[in-house]
Amino acid sequence: MGKLDIVDFHTHFLPQGWEVYRVPGRPLDPLWARIGTKISDLDALIADSDAAGISRRVIGVALSMVAVPDADLGDVSRRLNDDLAATVARRPDRLFALATVDAYGGEAAAAEARRAIIGLNLSGLFLDSAKGDRLIDAPEARPVLKVAAELGVPVFLHPINPEPLSTQLSGLGRLGTRLSRGTINAAAAISLVTSGVFEELPELRVVITALGVSALALTGPFGELPSIFVDAPAGKRRHLYIDIMPSEARFIRFVTSLVGADHVLTGSDWPILGHDPTQDGLAAAFEAAGLSEHEAELIASQNARELLKGHRRDRDRLIA
């Protein structure tokens, strides 16, 4: 297997001047204390990318990472998206950015999504999987999803810490956190299928994280949600993508068997996980997973590049 072109679809980065939100009077979680400085260091991001052999990163920010509980999320989104665009402008050869909007903010959030994609040339949307008792199929989220479908940009559904599940599983430590976040991530994806959103918006492309795979996979053996899996009939397959972080052969084999190599992306969760998909490591994992060279190229970068190029084509059409 030759040198891979690697596009990391799952990178966290805070533009200059932004900090991780911390509850007043409560010490910052040790994990976030470790990454708090690095997550806003562009030189560190590029250096880590060079060391791993990653050609491009797709950066995104969760609103919950930076916004205080009573913040004006519309204002936060506008300022954040301006700064994300400025960050990409510093290294357009290495970065794409996803616009952050309040997915449940209705028409106002949809207007900001349109501005960020058409006006700022950002490459997709970074949305929370849920908010309170609502999943991404909620009526309030439909205007934002419609913008993504219309403009041909991907939606990255990011996990949140759902309650009361997060508290119930807190005794399991980091594994409990992953289980609770993965469950809500998968539930959000499932809601798009069962509520008919994909039928309503057939051009919608949605990416979930590796954390959501365990819950999502349970639907297969029971014959549910056949439209998201690789053996869906032609024309019926829904546009759901999954990232692979970490890059481990057994996991890659499992995910590609579920949704197909053409619906899998490379991700790192930089700098939270603390390791990147390297040239040698990713190539070895692909080989051990039994992938063909073509399948390896799809997962390493081609699927991501195909998702990310849609907005340029549709933006040019709308401006003309």
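## The nonpolar core

A nonpolar core here is a set of buried Ala, Val, Leu, Ile, Met, Phe, Trp, Tyr and Cys residues joined through side-chain atoms within 4.5 Å; buried means under 20% relative accessible area, exposed over 50%, and partly exposed in between (1.4 Å probe, protein chains only). The model is predicted, so local features need pLDDT of at least 70 and side-chain atom pairs count only at pLDDT 80 or more, while totals for chains, interfaces and linings use all residues. Residues are numbered from 1 along each chain as its sequence is written, and side-chain values use heavy atoms, with hydrogens and water left out.

The largest core has 107 residues, and L127, I136, L204 and F286 are the ones that touch the most other members. Helix 13 (residues 293-319) supplies the largest share of this core, with seven residues; helices (H or I, at least four residues) and strands (E, at least two) are DSSP runs, numbered from the N terminus. Take I136: leaving aside residues up to four places away in sequence, its contacts (heavy atoms within 4.5 Å) include A103, Y104, L127, L145, L157, A188 and L192.

## Helix 5 against helix 6

Two packed helices are described by the angle between their axes and the distance between the axes. For helix 5 (residues 106-119) and helix 6 (residues 142-151), the angle is about 25° and the axes are 7 Å apart. Axes are lines fitted to C-alpha atoms, for helices over the stretch in contact, and angles run from 0 to 180 degrees between N-to-C directions. The pair is therefore roughly parallel, given that angles under 35 degrees count as roughly parallel, over 145 as roughly antiparallel, 65 to 115 as roughly perpendicular and the rest as oblique.

The crossing of helix 5 and helix 6 is right-handed, the label used if the near helix is turned clockwise from the far one by less than a right angle (left-handed if anticlockwise). On the helix 5 side, G106, E107, A109, A110, A113, R114, I117 and I118 meet P143, V144, V147, E150 and L151 of helix 6. By class, that contact splits into nine nonpolar, one polar and three charged residues.

## Helix 11 against helix 12

Helix 11 (residues 249-259) and helix 12 (residues 279-288) have axes that come within 8 Å and cross at roughly 55°, which makes helix 11 oblique to helix 12. This crossing is right-handed too. The residues that meet are A249, I252 and R253 from helix 11 and A285, F286 and A288 from helix 12. Five of the residues in this contact are nonpolar, none is polar and one is charged.

S257 also sits in helix 11, and at a relative accessible area of 47% S257 is partly exposed. S257 and D231 are 26 residues apart in sequence and 9.5 Å apart in space, C-alpha to C-alpha.

One runs from E163 to P164, with omega near 10°, and P164 lies in the loop between strand 8 (154-158) and helix 7 (165-168). Another joins W270 and P271, with omega about -10°; P271 is in the loop between strand 11 (264-266) and helix 12.

That loop between strand 11 and helix 12 also holds D269, a residue other than glycine with a positive phi near 60°. D269 is buried, at 10% relative accessible area. N121, not a glycine either, has a positive phi of about 65°. N121 is in the loop between helix 5 and strand 5 (125-128) and is partly exposed, at 30%.

Notes
Nonpolar A, V, L, I, M, F, W, Y, C, P; charged D, E, K, R; others polar.
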